[in-house]
Protein chains: 2
Amino acid sequence: MIEQLRTFDFPINSPKMPKKLSDHIKEVPLGLSVDCVVFGYDDIDKDLKILLIKSETPEFEGSWSLLGDLIQANESLKESAARTLAKRTGLSDIYLEQVRAFGIPERHPGGRVITIAYYSLIKVEDYELNIDKLDLEAKWFSINKIGKLAFDHNLILNHCLNKLKRTLREQPIGFSMLPDKFTLKQLQNLYEAVLDVEFDRRNFRRKLKKIDVLLELPETQQDVAHRPAKLYSFDKKKYQSLLKSGKHFSL
Amino acid sequence: MIEQLRTFDFPINSPKMPKKLSDHIKEVPLGLSVDCVVFGYDDIDKDLKILLIKSETPEFEGSWSLLGDLIQANESLKESAARTLAKRTGLSDIYLEQVRAFGIPERHPGGRVITIAYYSLIKVEDYELNIDKLDLEAKWFSINKIGKLAFDHNLILNHCLNKLKRTLREQPIGFSMLPDKFTLKQLQNLYEAVLDVEFDRRNFRRKLKKIDVLLELPETQQDVAHRPAKLYSFDKKKYQSLLKSGKHFSL
DNA sequence: ACAAAAGTGTTTATTATACACCCATGT
DNA sequence: ACATGGGTGTATAATAAACACTTTTGT
């Protein structure tokens, strides 16, 4: 037992030397793509939505598809995802998080293509500002009403949604799907929609007050037929202080 | 505001039609590899260790490296990782979990290679049984004594270690690094070593009793110069029941 | 004055933390 | 008999959950 982790220094005598990289690339041709699950929050329907496009791959004509593209020679994976998003939404500086790679040999009917999945969070209002610059059919779908997608995109979507749910509880990312100024009710509705749970209003508000990452603005809602709610914004500096003091955002 | 999520059905008139996949693959040659961070727990040193090999890439001669290989044409990513592990350790059926892809253009000196990182958990005793079948230099390193590795492997290692830490708290994966029969103290030591925290012995044991995923065996430690500890094993069925009842493993 | 949602405090239950003594075995 | 680590219970603090009334605005 005491010897269990000692080192074994065998002579390196691998029967076949590793092939040259350039040879391997020729022998195993494959493509690499990124696919983005674009999440947006619909404050009217109180519903999480995702942005889909009509597939451009002949084998999936008519199917809806995630936003994806093949990776170019000189861009990183995240740059590729950002470029794809910019092309489809006109937006830059979008929250982007890698989820994982999907790579079973049969996943693309046109050849071996491994894809790296990202999820992104956008403020739908920002997207709206850009729609007239775009020339591609894109549509928001409620997360609860997604049919059969192209490729293995349903699988990818599930993974991304699960990652979003996990991350939403542990990182202050929900704000990326809300306007810069929002009410606590909007924030709560977003959490309830994404996580598919219900929070007690008073407990939710108390928790946020305790975490102390929101800035209370000297403004209120306008044009509502009831007592107008206070507006808040997410305060990055307060969040940094929270982290510095060894604490974490957690809901 | 109410219109924010309506659909925009532009005609599809993308100026450039998407290129054929096969053309793209020729124009953007790239390689895809898997890299495995192999974690093992050293019950003597009470220390998390990882298995490294001498790099076979000329540019990194002399450096230590994760266990990796280029992906073959007809294997999935996980199969590729499993094959790589089998080649280096002689073991199959190893716990394998994908972490993420790493793909900045400069990460491999020999060309564009994107790598998919996995971490794996092995019982060191199982590894020991296979060492005489292996002909490659491999060595266990304490997680706290890792120098500069080949490629971006330090970065990859950090991501894998963080994922391991997160997952260890939420899934019953620690047992994959222990012998089939273990004492509660061994389990606690493992948790403390990986998470770099200390647990109160009584609270730790109470928690595990409450979670109820262990089977108390009718055996005890042998040959110890003190009261022998009871041996336990992880009970998959109990864990399944836990999940079915809507609860979760959490430490 | 009424409708509609905003805003606020207290009580209770659950979970986490801190802590000290006796027990079984080998030498 | 003693040294060594195994095994157990209780009290306290912190956190989460449950719950109802008053306030502000527009109509």
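α6 (201-211) of chain A and α6 (201-211) of chain B each supply at least two residues of the surface near DNA strand C. Here a residue is near a strand if one of its heavy atoms lies within 4 Å of it. Helices (H or I, at least four residues) and strands (E, at least two) are DSSP runs, numbered from the N terminus. This is a predicted model, in which local features need pLDDT of at least 70 and side-chain atom pairs count only at pLDDT 80 or more, while totals for chains, interfaces and linings use all residues. Residues are numbered from 1 along each chain as its sequence is written, chains are lettered from A and ligands numbered from 1 in the order in which they are written, and side-chain values use heavy atoms, with hydrogens and water left out.

**DNA strand C**

- The protein places 21 residues around DNA strand C, and A:R201, A:R205, A:K230, B:R202 and B:P228 come nearest.
- α6(B) gives the largest share of this surface, five residues.
- By class, the surface near DNA strand C has five nonpolar, three polar and 13 charged residues. Ala, Val, Leu, Ile, Met, Phe, Trp, Tyr, Cys and Pro count as nonpolar, Asp, Glu, Lys and Arg as charged, and the others, Gly among them, as polar.
- Sugar or phosphate accounts for 43% of the atoms of DNA strand C within 4 Å of the protein, and bases for the rest.
- Which part of DNA strand C lies 2.7 Å from a polar side-chain atom of A:R201? A base oxygen does.
- A:R205 has a side-chain N or O atom 2.6 Å from a phosphate oxygen of DNA strand C.
- B:R227 has a side-chain N or O atom 3.4 Å from a base oxygen of DNA strand C.
- A polar contact is a pair of N or O atoms within 3.5 Å; within protein, one must be able to donate a hydrogen and the other to accept it, and residues adjacent in sequence count only if both atoms are side-chain atoms.

**DNA strand D**

- There are 22 residues around DNA strand D, and A:R227, B:R201, B:R205, B:H226 and B:K230 come nearest.
- A polar side-chain atom of A:N203 lies 3.0 Å from a base nitrogen of DNA strand D.
- B:R205 has a polar side-chain atom 2.8 Å from a phosphate oxygen.
- α6 of chain A and α6 of chain B are the elements that give two or more residues to this surface. α6(A) gives the largest share, five residues.
- The surface near DNA strand D holds six nonpolar, three polar and 13 charged residues.
- Of the DNA strand D atoms within 4 Å of the protein, 41% belong to sugar or phosphate and the rest to bases.

**Helices of chain A**

- Helix α5 (residues 184-195) of chain A packs with α6(A) at an angle of about 105°, and their axes are 11 Å apart. Axes are lines fitted to C-alpha atoms, for helices over the stretch in contact, and angles run from 0 to 180 degrees between N-to-C directions.
- The contact (heavy atoms within 4.5 Å) uses A:L184, A:K185, A:L187, A:Q188 and A:Y191 of α5(A), with A:R201, A:F204, A:R205 and A:L208 of α6(A).
- This contact has five nonpolar residues, one polar and three charged.
- At the start of helix α7 (residues 236-244) of chain A, a side-chain oxygen of A:D235 reaches to within 2.9 Å of the backbone nitrogen of A:K237.
- A:G246 follows α7(A), and its phi is positive, near 80°.
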